[in-house]
Amino acid sequence: MDTLDLSSKTGIKVVLIPSKGAGSAITSIINGEIHFSFLNMATVMPHVRAGRMKALATTSRERLEELPDVPTMAESGYPGIGSENWNGFFLPSKTPRRVLNKFYAATILVMQRPAVKKAFANAALPVALSKSPEDFQEFLDAEIKRWARIIKDNNVSLE
């Protein structure tokens, strides 16, 4: 979808070539079968470090510590294009508030442990924590609206 976002906002004509995940896309880039792909940094870093791939820009808000010389899309003149990789914990909608709060507090404590931070850093995965369950819900709502717009603007249909 990031490719569609890039195409619709810049007028660059692209041909979408489906892949069977990041591994397939990486192989296709290294072999010169495709020109580019938006991929997770943790997945491509070994190939970038080995010189098999080149990072042109990141979709992060700020430059990444692991790639200090690689500009963001915004710095490259394309603000608002691309997305940051994220994960979240999801609980059943009927989870009592006290349980939700306890789970959230425990998650924050675990994510702040030095060993956990180091493990994420070693995997080249940035950690961004929401300020509250409500903050995360606002983020989700914004993501849903954003991707719905991209899908609509590009006439993407489910097949």
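**From one residue to the whole fold**

Modeller: Histidine 47 is found in helix H3. Helices (H or I, at least four residues) and strands (E, at least two) are DSSP runs, numbered from the N terminus. This is a predicted model, in which local features need pLDDT of at least 70 and side-chain atom pairs count only at pLDDT 80 or more, while totals for chains, interfaces and linings use all residues. Residues are numbered from 1 along each chain as its sequence is written, and side-chain values use heavy atoms, with hydrogens and water left out.

Biologist: How many helices and strands does the protein have?

Modeller: There are 6 helices and 0 strands, and from the N terminus the order of elements reads α-α-α-α-α-α. The C-alpha trace spans about 50 × 40 × 30 Å along its principal axes. Of the 159 residues in the protein, 24% are buried. Among contacts between residues at least 6 apart in sequence, 47% join residues at least 24 apart.

Biologist: Where is threonine 72 placed, and why does it count as buried?

Modeller: Threonine 72 is in the loop between helix H3 (41-49) and helix H4 (97-111). Its relative accessibility is 2%, so threonine 72 counts as buried. Beyond its neighbours within four places in sequence, threonine 72 is in contact with Ala57, Thr58, Ser60, Arg61, Glu62 and Arg63.

Biologist: What does glutamate 84 touch, leaving out residues up to four places away in sequence?

Modeller: Glutamate 84, which lies in the loop between H3 and H4, touches Thr59, Ser60 and Arg61 under that condition. Glutamate 84 counts as partly exposed because its relative accessibility is 31%.

Biologist: Is aspartate 69 buried or exposed?

Modeller: Aspartate 69 is exposed, as its relative accessible area is 70%. Aspartate 69 is found in the loop between H3 and H4. From aspartate 69 to alanine 25 there are 44 residues in sequence and 24 Å in space, C-alpha to C-alpha.

Biologist: How many salt bridges does a search of the whole structure find?

Modeller: A salt bridge is a side-chain nitrogen of Lys or Arg within 4 Å of a carboxyl oxygen of Asp or Glu. By that rule, the search finds 2 salt bridges. One of them joins the side chains of glutamate 75 and arginine 63 (2.8 Å, N to O). Both glutamate 75 and arginine 63 lie in the loop between H3 and H4, so the pair ties together parts that are 12 residues apart in sequence. Glutamate 75 is partly exposed at 48% relative accessibility, and arginine 63 is partly exposed at 40%.

Biologist: Which side chain does arginine 97 meet in a salt bridge?

Modeller: Arginine 97 meets the side chain of glutamate 134 (2.5 Å, N to O). Arginine 97 lies in helix H4 and glutamate 134 in helix H6 (residues 133-153), so this pair ties together parts that are 37 residues apart in sequence. Arginine 97 is partly exposed at 42% relative accessibility, and glutamate 134 is partly exposed at 37%.

Biologist: What is the accessible surface of the protein?

Modeller: Accessible areas come from the Shrake-Rupley method with a 1.4 Å probe, and for residues only the protein chains shown count as cover. The accessible surface of the protein comes to about 11,500 Å², of which 57% belongs to carbon and sulfur atoms.

Biologist: Which residues make the nonpolar surface patch of about 280 Å²?

Modeller: Patches are made of residues with over 30% relative accessible area and no salt bridge; like charges are joined within 9 Å, and nonpolar side chains (Val, Leu, Ile, Met, Phe, Trp, Tyr) within 5 Å. Here, Phe89, Leu91 and Phe103 make the nonpolar patch of about 280 Å². Phenylalanine 89 is in the loop between H3 and H4 and counts as exposed at 54% relative accessibility.

Notes: Buried < 20%, exposed > 50% of the residue type's maximum accessible area, 1.4 Å probe, protein only. Contact = heavy atoms within 4.5 Å.
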